Amino acid sequence: MMTRKAMINICCVATTPSKYPPPPPLTLTPRQSLESAAIYGVIESAADIIERWNTETNTFAKVTCMFYENKPEAMMFIERVKDLQKTMDVLVSEDPNSERLLRSHKLMQIAMKRLQKEFYQILSMNRAYLDPESVSTRSSLTSARSSYSDFPDYVEDLDTIIELEEVSTNVMTDLKSIAECMIGSGYAKECLSIYKSIRKSIIDEGIYRLEVEKTSTGKVKKMSWEVMELKIRSWLKAVKVSLETLFKGEKILCDHVFESSDAIRESCFTDISRDGALLLFGFPEIIATKTSKKHSPPEKVFRLLDMYTAIAGNWQAIESIFSFDSISVVRSLALKSLISLSESIRSLLVEFESGIQKDSSKVVVPGGGVHPLTISVMDHLSLLADYSNVLVDILAGSPPPDRSLLPESYFNVSESDDSPSSELTIRFAWIILVLLCKIDRKSIHYKDFSIQYLFLTNNLQHVVSRARSSNLKNLLGEDWITRHFAKMRQFAGSYKRLAWGPVVATLPENRTVEMTPEEVKERFEKFSESFENAYSKHSVCVVADPNIRDEIKVSISRKLVPIYREFYNTRGSVILGEGDGARNLNSVVRFTPEDIENYLSDLFREKGSSGNSSASSPSSCRSRQSMS
């Protein structure tokens, strides 16, 4: 097809005298004429709508958003621009210097300026509808509408939500149409510049609102644990919101708007989210470095475990959202934080065990109650057991305790079982064994052997009770609990034998043997003295668990009262048979069987409980019982 410029040149040559014969006249084929007319029609059609929305020449166009004012015309605008671009591609291939191409280029510049304005207006005016949370939950809202369709009270609210969702969908569709048009016309750079500047500000603002801020190692070192813990709790909430809505929603929007180009989608999302994501996932590593220092309070490990769980539990989402190679630095930083957290957690666990072994407290708990060390260690282990799933991963590869150091049949784990869960069980069982050995050594602070056993009874009962009522039960197993409960009963039996056996021994074993009145008096006096001494010593003792407390009292009563009642009923008459027998009986026999029963039932009773006995546990023991 002959260009206009070529035709003009030919005409000029034809009117100039020449020694050569003139060329044959130029003619256009019907097909060329149709193509030329079609091109002219496309350009004029595009020019009509583009000039109508020219911000330079039309005041109305300058202050109006085309997509809001006239949506059908806006879509026609997009189509005319696309047609114009196709025509320009044809004209370039024929003659890069043609006037029609020059005019088309000017029209395209006007159109792109208009679309840039529309793109910016739609992005900035619809921030609420393009909120990452709204974008990320569009599909779930649609499902919710059908799920609650049978509940009229919910339908009205859901209809409002769905209406907002439809607005969001329409806005995203408009942005996609403009982006595809601008990118297809060679204006990708201008389109991305607008999109990145607006959407990055939204991500940065979201991170700021979630209270994630840049923190240096120097600042953290000067930070108190109370302040640090508050920041960790804020970070935990921020991770949840960021991965479920902020970054997820932004990636969905970016993928939708720039669906036509993988490279542009990657570049756009990377530039928008990288700074905020690096700020978010860099925080745990700084905290882990600070907490790995020695002499950190053991309870700090739980916040580190929370952070580890937050990253590890969302790892699939992290890999999905930050899947592009250009943003792999975010995945690397998240992994680096996981490694730093796991190292700090292992360090704190070692420090925790060492703290038990090195405990040199000389505290003697009044009445043989539960030692503070037992309470704190079991509280700590019970909470740690809730993190058993992540602890398996964290402790994998670090050497477990030597099984040969554990007592035979300490718990039900096969020697050949080297699974991570088995090794975790060994670690927990080992720490409890370290605790029990320490408690055993502390029992020697009691001079009375019987109270030593009561002390061991109380502490082992607390260990078993905490294990049974927490996830330690799943880790240690029912067999472990049964064995230690049986051991606790053995300690209780030793206490009863050493504390109350001597009282029983004051009564004759052979109840049929003949006794003189003097021998009977002596037996009654020995029993009374022995009982008074035992009661005076053990009335201030503590049995923390109510079931074990009742069991011990009932056991002592069943052993002592029947023997004493029989002796009282059969031998008391000997004293009554003497002169002034009633007065002799009252002076020699200080306790009736009913008195013995009442005193025994009042054993281990806490101060303020019902009953007339003055015996009670010291207040310090009562407070520890309430903690257990």
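## Helices α14 and α16

In this predicted model, helix α14, which spans residues 300–313, and helix α16, which spans residues 328–358, have axes that come within 9 Å and cross at roughly 150°. An angle over 145 degrees counts as roughly antiparallel, and α14 and α16 are therefore roughly antiparallel to each other. Their crossing is left-handed.

On the α14 side, the residues that meet α16 are Lys300, Val301, Leu304, Leu305, Met307, Tyr308, Ile311 and Ala312. Their partners in α16 are Ala334, Ser337, Leu338, Leu341, Ser342, Ser344, Ile345 and Leu348.

## Helices α20 and α22

A second pair can be described in the same terms, since two packed helices are described by the angle between their axes and the distance between the axes. The axes of helix α20 (residues 449–468) and helix α22 (residues 478–505) come within 8 Å, and they cross at roughly 160°. That angle makes α20 roughly antiparallel to α22, and the crossing of these two helices is left-handed.

The residues of α20 that take part in the contact include Phe449, Tyr453, Leu456, Leu460, Val464 and Arg468, while those of α22 include Trp480, His484, Lys487, Phe491, Tyr495 and Leu498. The residues of the contact of α20 with α22 divide into 17 nonpolar, 5 polar and 2 charged.

## Arg265 in helix α13

Arg265 lies in helix α13, which covers residues 262–291. Buried means under 20% relative accessible area, so Arg265, at 15% relative accessibility, counts as buried. Leaving aside residues up to four places away in sequence, Arg265 touches Cys254, Asp255, Phe258, Glu259 and Phe324.

## Cysteines

The structure holds 0 disulfides. Cys191 is accordingly in no disulfide, and the nearest cysteine sulfur, which belongs to Cys268, is 8.1 Å away, whereas a disulfide requires a pair of cysteine sulfur atoms within 2.5 Å. Cys191 counts as buried, with a relative accessibility of 0%, and Cys541 also counts as buried, with a relative accessibility of 1%.

## The protein as a whole

The secondary structure of the protein comes to 27 helices and 0 strands, and of its 628 residues, 45% count as buried.

Definitions and conventions. Residues are numbered from 1 along each chain as its sequence is written. This is a predicted model: local features need pLDDT of at least 70, side-chain atom pairs count only at pLDDT 80 or more; totals for chains, interfaces and linings use all residues. Side-chain values use heavy atoms; hydrogens and water are left out. Buried means under 20% relative accessible area, exposed over 50%, partly exposed in between (1.4 Å probe, protein chains only). Axes are lines fitted to C-alpha atoms, for helices over the stretch in contact, and angles run from 0 to 180 degrees between N-to-C directions. Helices (H or I, at least four residues) and strands (E, at least two) are DSSP runs, numbered from the N terminus. Angles under 35 degrees count as roughly parallel, over 145 as roughly antiparallel, 65 to 115 as roughly perpendicular and the rest as oblique. A crossing is left-handed if the near helix is turned anticlockwise from the far one by less than a right angle, and right-handed if clockwise. Contact means heavy atoms within 4.5 Å. Ala, Val, Leu, Ile, Met, Phe, Trp, Tyr, Cys and Pro count as nonpolar, Asp, Glu, Lys and Arg as charged, and the others, Gly among them, as polar.
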